[in-house]
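I opened this structure to look up a few local features and note them down. My entries follow the order in which I checked them.

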Amino acid sequence: MRCWYEPDRSPVPPDSSDPPGGRTRMTRLPSPSIPFGLALALALASAMLWNAPLRAQDEEPEPQPQPEANANANADAEAPAGAEEGAKVSFLKDVAPILVESCVGCHNPKKAESRYDLTSFAALAKGGAMGEGIMLEPGDPDLSYFVELIRPEGAPRMPYKADPLPEDKRMIIERWVAEGAEYDGEDPEADWVALVNASRKVVIPDSYPYPMPITALAFAPSGDRVIVSGYHELNTYAIADGSLVRREPGVAERVYDIAYSPDGSRLATAAGNPGLSGEATLWTVGEDGVLSDPKTLVEAGDAVFCVAFSPDGKRLAVGGADRTIRVFDVESGERLAEVEDHADWVLDVTFSPDGSRLATASRDKTSKLFDANSYESLVTFPGHGETVYCVGFSGDGKTVFSGGGDARIRNWNPDEDAKQVREIGGFGGPVFDLKVFADGQSLAACGSDTVVRLFNPADGAQKHAMQGHGDWVYRLAVSPDGSCLASGCWDGTVKIWNVADGALKSTLIAAPGHSAEAEAEAEAADAQ
């Protein structure tokens with residue numbers, strides 16, 4: 001089955017100036033040794049394909065400015081194409097999106113290369129290690145160090161070790177400097193990255209031309225439906241016949257995690273766009289599962305990857321690319337704790353069955369345990385030696401299971417200095433997700449070898465090896481009664497398995513409006 005990306009799937013950074021109907025290449029990473037991007041961080045498409053029909057509630061995107069290329073930018077240069085005759089270049093509308101796309105990933109408060117932060121206009125103008133007050137010379141691009149660095153002959157040329165800015169985008173920046181380098185926002189100290197991300201218009205196709213990878217998945221509390229990640233939306237499907245029940249927009253481009261509260265009254269999502277933005281959102285679940293009253297708990301400058309409710313449903317833990325673990329009061333939305341203990345992305349988080357402890361998985365190659373009351377770090381497990389993608393507690397809460405890029409699930413005891421109890425092997429590649437059943441009697445796991453496996457967590461013995469997926473399996477979900485297991489795959493399929501015997505119950509394609517005929521037509525068009 002065809003996906004929205006080229007077959008080899010090594011990631012190519014999305015071009016945020018492309019309209020959502022534009023085509024973006026996104027291909028698989030060549031080796032499982034490359035961290036989280038091989039699985040979740042860059043799994044989703046950054047843009048929809050050409051000419052996809054628009055949903056009625058979505059607006060057409062505004063044309064992006066396309067300036068004429070000049071050898072030297074100055075006050076007499078022509079305005080960017082698409083701008084009104086004689087109109088000045090806008091920093092927020094024209095310049096800032098370019099910087100968010102190409103520069104902010106390496107120049108932000110958490111990762112300020114050369115001590116240069118580009119998330120506010122004041123910081124941009126001030127400069128960094130290269131010197132203060134030399135970045136912009138209003139009216140003269142040739143005397144502006146910022147412009148010098150983004151020119152093809154810049155030393156060092158920016159973006160560093162990446163393709164140079166396309167000339168039309170560079171000329172927009174030079175034109176802006178030539179016109180006086182004015183800031184058209186209200187507060188030069190404000191985080192204009194958030195302003196840019198909030199102002200982007202979203203176009204969701206009525207019909208997906210190809211299925212997209214499933215990177216978030218959960219059973220509805222009723223057990224007869226699954227809710228899965230989509231493009232800027234959450235899509236709910238009936239398990240019985242695979243029909244699309246509901247499409248709910250209002251989330252960031254890529255959804256990485258979905259979790260229902262224990263009583264089913266709330267739903268939390270982790271989402272974002274790597275290097276650009278991230279969010280954790282709390283929803284109220286109404287009649288027939290309809291979501292309403294979204295409350296944004298986290299707004300970040302990079303993707304948010306994981307969410308988890310405490311067993312009593314009163315707290316929500318959140319983790320993401322900024323290395324921070326945040327815990328919120330569900331009822332009030334108040335932030336209870338903020339912990340920075342990992343050295344890299346936090347990819348998974350979970351509470352112990354009694355709610356007293358919190359376990360995490362990280363790209364820093366460790367799994368950690370925290371006290372869920374004081375939020376102090378208790379112990380670190382470094383046994384994987386590779387990215388740790390997923391984590392879960394045993395049914396009695398006494399030990400922890402973690403899965404990683406070393407193709408192993410490792411079971412370790414936090415009360416014995418994180419001593420490893422056992423390891424579970426047999427995987428053909430990284431382990432992307434694991435779930436310990438509520439009764440503690442089964443452990444499910446999946447990864448890049450396309451097989452969904454079920455184990456006895458007490459001794460690590462394999463119960464079932466469920467085969468049928470044709471590509472990497474990213475996400476798992478256990479039905480509320482524990483009788484079924486759902487698995488989400490790169491190729492856009494979701495399979496429902498019977499836990500008792502490992503038999504396949506049904507398969508659905510999580511792509512609204514998709515049909516085999518439409519996919520064949522799209523492939524034929526590509527071939528031409």
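Predicted model: local features only at pLDDT ≥ 70, side-chain atom pairs only at ≥ 80, totals over all residues.

I then checked where Thr366 sits in the chain. Thr366 belongs to the loop that runs between β16 (357-362) and β17 (367-371). Its side chain makes a polar contact of 3.5 Å with the side chain of His342.

Next I turned to a sheet. I found 4 strands in an open sheet, ordered β27-β28-β29-β30, with antiparallel pairing. At the edges I noted β27 (473-478) and β30 (504-509), each of which pairs on one side only. On average, neighbouring strands of this sheet are turned by 20° against each other, direction ignored.

I looked at one pair of strands in more detail. β27 pairs with β28 (residues 484-489) over 5 bridges, in the antiparallel sense. Across this pair, I saw Leu476 opposite Ser487 in β28.

My last entry concerns the second largest pocket. I read its space as about 1,400 Å³. Its lining has 45 residues, and Tyr260, Thr350, Lys435, Val436 and Ala438 are those that lie nearest the centre. I sorted the lining residues by class: 27 are nonpolar, 10 polar and 8 charged.

Which strands each supply at least two residues of this lining? I listed β3 (217-219), β7 (254-260), β11 (304-309), β15 (346-351), β19 (388-393), β23 (431-436) and β27.

Notes. Residues numbered from 1 in each chain as written. Heavy atoms only, no water. Pairing = 2+ DSSP bridges. Axes fitted to C-alpha atoms, helices over the stretch in contact; angles between N-to-C directions. 1 Å grid on protein atoms, 1.4 Å probe; cavity = no way out; pocket = protein on both sides within 12 Å on 5 of 7 lines; lining within 4 Å. Points joined across faces, edges and corners; volume = space filled by probe spheres on them. Nonpolar A, V, L, I, M, F, W, Y, C, P; charged D, E, K, R; others polar. Polar contact = N/O pair within 3.5 Å; in protein donor to acceptor, adjacent residues only side chain to side chain.
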